[in-house]
Amino acid sequence: MPVAISTALPRGPLIGALEEGTRTCRFALYEASTLREVAVHCTQVESLRPEEGWVEQDPAEILRAAQECMSEAMARLPPGLGVRDVAAVGVTNQRETTVVWDRVTGQPLHHALVWNDIRTSKTVDSVLARLPGNDKDALRDRAGLPVSPYFSALKLRWLMDNVPAVQKAIAEKRCLFGTVDSWLVWNLTGGSRGGLHITDVTNASRTMLMNIHTLQWDPLLLKAFDIPREMLPEIRSSSEVYGDIADGPLHGVPISAIMGNQQANLVGERCFKEGQAKSTYRSGCFLLYNTGTACVHSKHGLLSTVAYKLGPDAPTVYALEGSVAVAGHAIKWLKDNLNLLKDPAEAERIASEVASTGDVYFVPAFTGLYAPHWRKDARGILCGLTQFTTKGHIVRASLEAVCYQTRDILEAMARDCGKISTETLSELRVDGKMAENNLLLQLQADLCGFSVVRTDIHEKAALGIAIAAGQAKDIDLVNINALPPSQSQCDVFTPSITPEDRKARYTKWKMALTRSLGWAKPSKSPSMTDKRYHLLASIPPSLFLISSFAMMLASEM
Ligand SMILES: Nc1ncnc2c1ncn2[C@@H]1O[C@H](COP(=O)(O)OP(=O)(O)O)[C@@H](O)[C@H]1O
Ligand SMILES: O=P(O)(O)OC[C@H](O)CO
């Protein structure tokens, strides 16, 4: 059905959405009654790569970008609208990225370690050495996550082990830790002059320090990583009035929602029902499947994560997530490192010049493999090359790699839930910049065997956080059970290859994937320097959890 796009002059009240992503920061203002975007400003945030596998950002630069976006978007409001019309602001952010700062000076103690930074490989080995059977899934029951460089606890541990300024600030009880939401909200609500040190359940669920069931920092997880409780933020729901913005163009406006960007995207895509799934194609690819109020513990390599908790007394809704580290980033790599493309948008035309990949398979495991494999020893491979291989084949194989990685996740979800399968899932909703590539979405439909629905290339994280902020108690501008109609059009891609062809190609992908494993050598020496940590490390792995429990119980008596 065609969607009626409102052309009426925008009116207050408005809801602001601060969206701090890995590459870009945006601030958008929405008309509360229609959820129509009325003003926006976007800027880029630079990532620094000081060494192979290291990815950092300057927290001061992240804050500056956020402030620029808020000022510029406010300046772009249509005449007659101003700060008095902005009823609330929500904050959504790249997840897992780890910031440490000094509560007294307000200064960062190190650059932020970005979610796809893999310097913590040795830290992972040290932690694994202390878990029963070196099992990366030993903490899953509590955290919902495998031990991996991806999560904040490992990054924080690395900072504590390797950065003297962090060690000193901890000793002096001045060190605060947070994911990017905490860093921004602390600063926006006053910083060292009384800023709120908080996070929400979705972001906390990505730290590997929160108990996925109690939604509190977990004493055993804190002990496993030897992290002091006092440096952690308070965990709050995803939608409630936390406090007011302390200065700047939005001075006095309440902040009433915080969510990780993929969870906010799930809300923006209106995946409120159990069984609904969305996939976002950007540098990485993130597929979230709403499992309702049940926290499904994956036995097949997926993450159990909090999808949302839209109020302190609202039910906790969970999701199973499959995170792929390299999706659109592979196309950027073809452009920047191999000069095969001038622009990512060329990928579609060049890949369309050939009818198939010519049996070429590309596994872009540049930083290891995330879900569902969790193999930090994997590295990228390109296989099946012949003298007839052209750049069209390689570009097409890069697009297919995104589709196969998505299928790997869907297969794992089917095994975990029993409720979806590539046969029973009727459609997958997709968004993100890379989803503008029609060939990619056709290949996705072909290689998974079900319809792919592109709601909009524009991600819905900002819209999702605006919905969460608008529905908070005491804001009461948005009813999630009666949202205004979506303004976006849909494109549907349906499978066009035979099941036999699909099966044969997926089998070949799995062969290629197997060949990418075990390439990077496991590290030998643990990097941790902390004395207490070494003490814990001396506990035999099989005794570690038991003795930790005993220590916990003793300390609670
Ligand atoms: N039309 C396209 N076809 C294939 N890949 C694309 C296309 N447009 C963008 N990409 C890739 O998708 C990624 C997503 O872009 P963007 O959302 O701007 O990045 P990020 O996730 O870094 O914020 C980029 O890495 C880019 O290489
Ligand atoms: O900023 P994005 O879109 O790359 O999202 C990053 C994810 O939140 C990492 O888990």
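Two residues are in contact here when they have heavy atoms within 4.5 Å. The model is a predicted one, in which local features need pLDDT of at least 70, side-chain atom pairs count only at pLDDT 80 or more, and totals for chains, interfaces and linings use all residues. Residues are numbered from 1 along each chain as its sequence is written, chains are lettered from A and ligands numbered from 1 in the order in which they are written, and side-chain values use heavy atoms, with hydrogens and water left out.

**Stop 1: asparagine 261**

Select asparagine 261. Leaving aside neighbours within four places in sequence, asparagine 261 is in contact with Thr92, Asn93, Gln94, Arg95 and Ala461. Asparagine 261 belongs to helix α9, residues 261-268. Helices (H or I, at least four residues) and strands (E, at least two) are DSSP runs, numbered from the N terminus.

Is asparagine 261 buried or exposed? With 9% relative accessibility, asparagine 261 counts as buried. The term buried means under 20% relative accessible area, exposed means over 50%, and partly exposed lies in between, with a 1.4 Å probe and protein chains only.

Now display side chains. The side chain of asparagine 261 makes a polar contact of 3.3 Å with the side chain of glutamine 262. A polar contact is a pair of N or O atoms within 3.5 Å; within protein, one must be able to donate a hydrogen and the other to accept it, and residues adjacent in sequence count only if both atoms are side-chain atoms.

**Stop 2: ligand 2**

Select ligand 2 next. Which residues are around ligand 2? They are Gly21, Thr22, Gln94, Arg95, Glu96, Trp115, Tyr150, Asn261, Gln262, Arg282 and Phe286. A residue is near a molecule or strand if one of its heavy atoms lies within 4 Å of it.

- A polar side-chain atom of asparagine 261 is 2.7 Å from an oxygen atom of ligand 2.
- For tyrosine 150, a polar side-chain atom lies 2.7 Å from an oxygen atom of ligand 2.
- In arginine 95, an N or O atom of the side chain is 3.0 Å from an oxygen atom of ligand 2.

On its own, ligand 2 has 310 Å² of accessible area, of which the protein covers 98%. Accessible areas come from the Shrake-Rupley method with a 1.4 Å probe; for residues, only the protein chains shown count as cover. The shell around ligand 2 consists of three nonpolar, five polar and three charged residues. In this classification Ala, Val, Leu, Ile, Met, Phe, Trp, Tyr, Cys and Pro count as nonpolar, Asp, Glu, Lys and Arg as charged, and the others, Gly among them, as polar.

**Stop 3: ligand 1**

Move to ligand 1, which is surrounded by 13 residues; the closest are Arg23, Arg282, Ser283, Gly328 and Asn437. By class, this shell has four nonpolar, four polar and five charged residues.

An N or O atom in the side chain of arginine 23 is 2.3 Å from an oxygen atom of ligand 1. Glutamate 436 has a side-chain N or O atom 3.3 Å from a nitrogen atom of ligand 1. From proline 344, a backbone N or O atom lies 3.4 Å from a nitrogen atom of ligand 1. The protein covers 91% of the 570 Å² of accessible area that ligand 1 has on its own.

**Stop 4: helix α12**

Select residues 391-417, which form helix α12. At 1.5 Å a residue, the 27 residues of α12 should span 39 Å, and the end C-alpha atoms are 39 Å apart, which agrees. The expected span is 1.5 Å times one less than the number of residues in the helix. Of the 27 residues of α12, 25 are buried, so the helix is largely enclosed by the rest of the structure. Glycine 418 follows α12 and has a positive phi, near 65 degrees.

**Stop 5: backbone details**

Select glycine 12 and proline 13, which are joined by a cis peptide bond with omega about 0 degrees. Proline 13 lies in the segment before β1 (14-20). The peptide bond from alanine 371 to proline 372 is also cis, with omega near -5 degrees. Proline 372 is in the loop between β17 (361-363) and β18 (381-383).

Tryptophan 374 is likewise found in the loop between β17 and β18. Its phi is positive, near 50 degrees, in a residue other than glycine. Tryptophan 374 is buried, with a relative accessible area of 7%.

Finish at aspartate 476, in the loop between α14 (461-470) and β21 (491-493). The phi of aspartate 476 is near 50 degrees, a positive value in a residue other than glycine. At 55% relative accessibility, aspartate 476 counts as exposed.
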